[in-house]
Amino acid sequence: MKRNRYKLLPTRSILAGIVGTVCGFSAFSVSAGIVGSAHDLRTFLGLTSPEICVVCHTPHDSDITSTAPLWNHTLTTATFQMYSSGGSTTLEGTEDPEPSGGSKLCLSCHDGTVGLDDFGGGPNTFGFMDPASLVFVGTDLRSQHPISITYEPTLDLGLNPVDTPVTIGGYTVGTTTFPTRDGDIATLLVPDGKVQCSSCHDVHNTFVATTNLLRLPMTDSTLCLTCHNK
C-alpha cells in the first residue's frame, strides 16, 4: 500500500463540510479549471498540501491503470447493476458487465463505497458520498443513463453518426467566456467508442460553466440531441 503523504483532518465538522459542500457543489465558481469547482477537494478534505491534483493524480508511486494518467485514488471494487440488467430491450450497443474506462474512476467516489479521502494510501474512513446527495450514483445503475456501452449509430438509427460536428464550451458567464473545442462525436464524446461519464461531463471543468460540469448545455435538450436524433 502506498504511504499517505498528506495529513487529513478527520473531524465530524470536516465530514459535514465534505458531504454538504462537495456533494452540494456550493463552492463552484465560474472560473475555468478545477480551482473552485466541484472537484476542488482540498479545503473539504482538510489537506495540508496545497496540491489540487493529488486526490486523483500523483507524479510518483501511482496505480497502474490504462484509463487515467498516474492515478492516485483507490478504485471501486463494488459490484454494479448495469442498465442492461434492468431488462431494457432498447439497447443496440453492447454494455460492459461492469463499469469500465473513465466511468469506473468516477464511480470510485460517486458510488458511495470509496471515501473521498482514500487516495495515496489514505484511510478511507470518512467523506463517503451522501446517498441523499444529487451527485450520489450508487451501485444500482439501472435507472441511470447507460455507461460503458458501445456507441452504435449503424445499429441504432436513433443515434447521430460519429462524424457529427460538435463544439463544446463557449459559455459566457458574466465577463467570463469559456474556451471552445471543435470536433465530432467520435473525438469529443466517445473517444474510445463507448459512452462513458465523460461523454456528458467535463471532469476537469475546462470548457463548462454549469455546476454539474456538463460538456453541452441542457437548453433545447442540446446535450441529448447531440447524440440522439429523436
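Start by selecting Arg142 and Asp140, which form a salt bridge whose closest N and O atoms are 2.7 Å apart. This is a predicted model, and in it Arg142 counts as partly exposed at 37% relative accessibility, while Asp140 counts as partly exposed at 29%.

A search of the whole structure finds three salt bridges, and another of them can be shown by selecting Arg42 together with Asp40, where the closest N and O atoms are 3.0 Å apart. Here Arg42 is partly exposed, at 23% relative accessibility, whereas Asp40, at 10%, counts as buried.

Next select Asp96 and Lys194, a salt bridge with its closest N and O atoms 2.8 Å apart. Asp96 sits in the loop between helix 1 (12–22) and helix 2, and Lys194 belongs to strand 6 (residues 194–195), so this pair ties together parts that are 98 residues apart in sequence. Asp96 is buried, with a relative accessible area of 16%, and Lys194 is partly exposed, at 21%.

From Lys194, move to Leu189, which, leaving aside its neighbours within four places in sequence, is in contact with Val166, Asp184, Lys194, Ser199, Arg215, Leu216, Thr226 and Cys227. Leu189 is also one of the residues with the most contacts inside the largest nonpolar core, a set of 15 residues in which Tyr151, Val166, Ile168, Ile185 and Leu216 are likewise among the most connected. To see which elements build this core, colour strand 2 (165–169) and helix 3 (185–189), each of which supplies at least two of its residues; helix 3 gives the most, with three residues. Apart from this core lies another, of ten residues, including Cys109, Phe119, Met129 and Val135.

Select Gly101, Ser103, Leu105, Leu107, Ser108, Cys109 and His110 to display the buried residues of helix 2, and then step just past the end of the helix to Gly112, which takes a positive phi of about 80 degrees.

Finally, select the cysteines, bearing in mind that the structure holds zero disulfides. The sulfur of Cys109 lies 6.4 Å from the closest cysteine sulfur, that of Cys56, which is too far for a bond, and Cys109 counts as buried because its relative accessibility is 13%, under the 20% cut-off. Cys200 is in no disulfide either, the nearest cysteine sulfur being that of Cys227, 7.0 Å away; at 25% relative accessibility, Cys200 counts as partly exposed.

Terms used:
Residues are numbered from 1 along each chain as its sequence is written. This is a predicted model: local features need pLDDT of at least 70, side-chain atom pairs count only at pLDDT 80 or more; totals for chains, interfaces and linings use all residues. Side-chain values use heavy atoms; hydrogens and water are left out. A nonpolar core is a set of buried Ala, Val, Leu, Ile, Met, Phe, Trp, Tyr and Cys residues joined through side-chain atoms within 4.5 Å. Buried means under 20% relative accessible area, exposed over 50%, partly exposed in between (1.4 Å probe, protein chains only). Helices (H or I, at least four residues) and strands (E, at least two) are DSSP runs, numbered from the N terminus. Contact means heavy atoms within 4.5 Å. A disulfide is a pair of cysteine sulfur atoms within 2.5 Å. A salt bridge is a side-chain nitrogen of Lys or Arg within 4 Å of a carboxyl oxygen of Asp or Glu.
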